[in-house]
Amino acid sequence: MAWFEKLAIVVFMVLFMECFAWAAHKYIMHGWGWGWHKSHHEEHGGVFEKNDLYAVVFAVVPIVLFVVGLWWEPLWWAALGITVYGGIYAFVHDMLVHQRGGFRWVPKQGYFKQLLQAHRLHHAVEGKDGTVSHGFLFARKPAVLKAQLRANANPQRRGPPRGKPTVVSDISAPADR
Ligand SMILES: [Zn+2]
Ligand SMILES: [Zn+2]
């Protein structure tokens, strides 16, 4: 394989993993997988949290790909891309935002500051519902996220409850109709 093919696979996998992490965080961890993720949204004094089990489970995939990749090289580079994402994620999420491992750096401006603010806003809601900003490397502006938080907190903006659609009366319609 040419070097640019390897690089393309790694870059693609990093971007793919951000999409995968966003979906897994939004629909699994804040859905049926909340049992493990809950520990990450609560104060605790321990070094580890149940949520770390996700990292262990997800790590199985690149390990298998590294082994299978000994026979088919593209998979080996895909596994490397996943591992690179894992490293970036551990740095941004665990160290920078949650200051694990004694890491203390509060960025004052730019991209990292926006990441930090976005993930803090993810933690601004108690419980699993109504949270914003489920991605990690692509963060929206704090003002956008705050508007989403307000919309989530306002039940009229949250859409119909499961099952029955809500009938919204048209307030602009004339009264005699
Ligand atoms: Zn979460
Ligand atoms: Zn977090």
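Of the 177 residues in the protein chain, 16% count as buried. The model you have open is predicted.

**Whole chain.** Start with a cartoon view. Residues 24 or more positions apart make up 46% of them.

**Helices α3 and α4.** Select residues 52–68 for α3 and residues 73–97 for α4. How do their axes cross? They come within 7 Å and cross at roughly 155°. Angles over 145 degrees count as roughly antiparallel, so α3 is roughly antiparallel to α4. The crossing of α3 and α4 is left-handed.

Next, show side chains at this contact. On the α3 side, pick V61, P62, L65, F66 and V68. On the α4 side, pick L75, W76, A78, A79, I82 and T83.

**Helix α6.** Move to residues 142–153, which form α6, and centre on P142. Is P142 buried, exposed or partly exposed? P142 has 16 C-beta neighbours inside 10 Å, so P142 counts as partly exposed.

Which residues does P142 touch, leaving aside those up to four places away in sequence? Select Q117, A118 and L121 to see them. Finish with a distance label from P142 to L121. The two are 21 residues apart in sequence, and their C-alpha atoms are 7.7 Å apart in space.

Conventions:
Residues numbered from 1 in each chain as written. Chains lettered and ligands numbered in written order. Predicted model: local features only at pLDDT ≥ 70, side-chain atom pairs only at ≥ 80, totals over all residues. Axes fitted to C-alpha atoms, helices over the stretch in contact; angles between N-to-C directions. Helix = DSSP H or I, 4+ residues; strand = E, 2+ residues; numbered from the N terminus. Parallel < 35°, antiparallel > 145°, perpendicular 65-115°, else oblique. Left-handed = near helix turned anticlockwise from the far one by under 90°. Contact = placed C-beta atoms within 7 Å. Buried ≥ 20, exposed ≤ 12 C-beta atoms within 10 Å, placed from the backbone.
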